[in-house]
Amino acid sequence: MRKPIIAVDMDDTICHLVKRAIYHNNIEFPTHPLRYEDMMDWNTDHLRHPDSTMELFFGRPGLYEELELFDEYVVEEMEKLHNAYDVIIVTAASPKSVAEKWNWLQKHMPYIPADNFFTARRKHLISYDLLIDDGPHNLLPAVQAGKKVLCIPHPWNLRVREQYSFPLMTSWEGAKERVDEILQA
């Protein structure tokens, strides 16, 4: 019998990317400090210093290897999910960041094999039963395709959360039980 496939995003789902990118931005561009709460959209060009390009903001060498875990429960809960389901990591990545993301994943979740690590911006093209993600551009196509989702709330998905009643997960504590409930519903 086939195990259900759980697709899990990396950035701002199992680790904190935007907060770390803001940290570096605010050191390098103190005249244009950013706040996590102000990140209401993916396009933050109007908030950042003109010299702080998206490539610089998200492409700093070594950035993806220094990211903090989402919370103290994520490693244990991901392992529980991995043992019960076919967990795949599906993360948007530039060619420069793929190795860093893999290194981060192996450091914190070495039980995830290379065969379960995918890089894709258009996650809805991949087959899965449930998607755990923070990106509205991933959650909406999944729901429209009839797939189940679990949304990690952040300021940039607030507007879409107001329109759609995605199930939310603010902490990884109890994530395995939450996924069980959603899949059985």
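M169 sits in the loop that runs between α6 (158-163) and α7 (175-184). The model is a predicted one. With a relative accessibility of 3%, M169 counts as buried, because the cut-off for buried is under 20% relative accessible area.

Leaving aside residues up to four places away in sequence, M169 touches I132, L150, C151, I152, P153, A175 and R178. E77 and M169 are 92 residues apart in sequence, and their C-alpha atoms are 13 Å apart in space.

The structure has 12 salt bridges. One of them joins the side chains of E28 and R60, with an N to O distance of 3.2 Å. E28 belongs to helix α1 (residues 18-28) and R60 to the loop between α2 (54-59) and β3 (68-69), so this pair ties together parts that lie 32 residues apart in sequence. E28 is partly exposed at 38% relative accessibility, whereas R60 is buried, its relative accessible area being 19%.

D45 and R48 also meet through their side chains in a salt bridge, at 2.9 Å from N to O. D45 is partly exposed, at 44% relative accessibility; R48 is buried, at 5%.

A salt bridge connects K123 with D133, and the closest N and O atoms are 2.9 Å apart. This pair links distant parts of the chain, 10 residues apart: K123 is in the loop between β5 (117-119) and β6 (130-133), and D133 is in strand β6. Both K123 and D133 are buried. Through salt bridges that share partners, D9, K123 and D133 are joined into one network.

How values were computed. Residues numbered from 1 in each chain as written. Predicted model: local features only at pLDDT ≥ 70, side-chain atom pairs only at ≥ 80, totals over all residues. Heavy atoms only, no water. Helix = DSSP H or I, 4+ residues; strand = E, 2+ residues; numbered from the N terminus. Buried < 20%, exposed > 50% of the residue type's maximum accessible area, 1.4 Å probe, protein only. Contact = heavy atoms within 4.5 Å. Salt bridge = Lys/Arg side-chain N within 4 Å of Asp/Glu carboxyl O.
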